[in-house]
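Subject: Structure for your files

Hello,

Here is the structure I said I would pass on. My notes on it follow below.

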Amino acid sequence: MKVKVFDESHEKDLERAINAFLSATNSDIMDIKYNVAIAVCGEEQIYCFSALVLYSSKE
């Protein structure tokens, strides 16, 4: 089993990164864990969209 971690500040960027990985890999995807974290710094909100992909390499 292998893992790949993705971390982006916008959900569409996370979606593109995961889709690119899934298109480029020749692996069996076992699970995807998704998480959103929000922090406030002054008046600014900072978002962190992340995912952990668990996969098994066919190679």
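To begin with the strands, β2 and β3 run antiparallel and are joined by 14 bridges. Helices (H or I, at least four residues) and strands (E, at least two) are DSSP runs, numbered from the N terminus. Two strands count as paired if DSSP finds at least two bridges between them.

Before the rest, the basis. This is a predicted model, in which local features need pLDDT of at least 70 and side-chain atom pairs count only at pLDDT 80 or more, while totals for chains, interfaces and linings use all residues. Residues are numbered from 1 along each chain as its sequence is written, and side-chain values use heavy atoms, with hydrogens and water left out.

Sheet and helix

The open sheet has three strands in the order β1-β3-β2, with antiparallel pairing. Its edge strands, each pairing on one side only, are β1 (2-8) and β2 (27-41). On average, neighbouring strands are turned by 15° against each other, direction ignored. Helix α1 lies across β1, β2 and β3 and runs at about 150° to β1. Axes here are lines fitted to C-alpha atoms, for helices over the stretch in contact, and angles run from 0 to 180 degrees between N-to-C directions. Contact means heavy atoms within 4.5 Å.

Core

Which residues make up the largest nonpolar core? There are nine: Phe 6, Leu 14, Ala 17, Ile 18, Phe 21, Phe 49, Ala 51, Val 53 and Tyr 55. The elements that give two or more residues to this core are α1 (11-24) and β3 (44-57). The term covers buried Ala, Val, Leu, Ile, Met, Phe, Trp, Tyr and Cys residues joined through side-chain atoms within 4.5 Å. Buried means under 20% relative accessible area, exposed over 50%, and partly exposed in between (1.4 Å probe, protein chains only). In soluble globular proteins, nonpolar side chains tend to be buried together.

Not counting residues up to four places away in sequence, Leu 14 touches Phe 6, Glu 8, Tyr 34, Phe 49, Ser 50 and Ala 51. One of these, Ser 50, is found in strand β3. Ser 50 counts as buried because its relative accessibility is 18%. With neighbours within four places in sequence left aside, Ser 50 is in contact with Phe 6, Asp 7, Leu 14, Lys 33, Tyr 34 and Asn 35.

Cysteines

Cys 48 also lies in strand β3, where it is the bridge partner of Ala 37. Its relative accessible area is 27%, so Cys 48 is partly exposed. Beyond four places in sequence, the contacts of Cys 48 are Asp 7, Glu 8, Asn 35, Val 36 and Ala 37. The C-alpha atoms of Cys 48 and Ala 20, 28 residues apart along the chain, are separated by 19 Å.

How many disulfides does a search of the whole structure find? The search finds zero, a disulfide being a pair of cysteine sulfur atoms within 2.5 Å. Cys 41 is in no disulfide. The sulfur of Cys 48 is too far for a bond because the closest cysteine sulfur, in Cys 41, is 15 Å away.

Salt bridges

The whole structure holds three salt bridges, each defined as a side-chain nitrogen of Lys or Arg within 4 Å of a carboxyl oxygen of Asp or Glu. Side chains of opposite charge can pair when their charged atoms come close.

- Glu 15 with Lys 12: the closest N and O atoms are 3.8 Å apart. Both residues lie in helix α1, three residues apart, about one turn of the helix. Glu 15 is partly exposed at 41%, and Lys 12 is partly exposed at 42%.
- Arg 16 with Asp 13: the N to O distance is 2.8 Å. These two also lie in helix α1, three residues apart, about one turn of the helix. Arg 16 is exposed, with a relative accessible area of 55%, whereas Asp 13 is partly exposed at 32%.
- Lys 33 with Asp 31: the closest N and O atoms are 2.8 Å apart. Lys 33 is partly exposed at 45%, and Asp 31 is partly exposed at 29%.

One further residue of helix α1 is Glu 11, which is partly exposed at 38% relative accessibility. The C-alpha atoms of Glu 11 and Tyr 47 are separated by 9.1 Å, with the two residues 36 apart along the chain.

Regards
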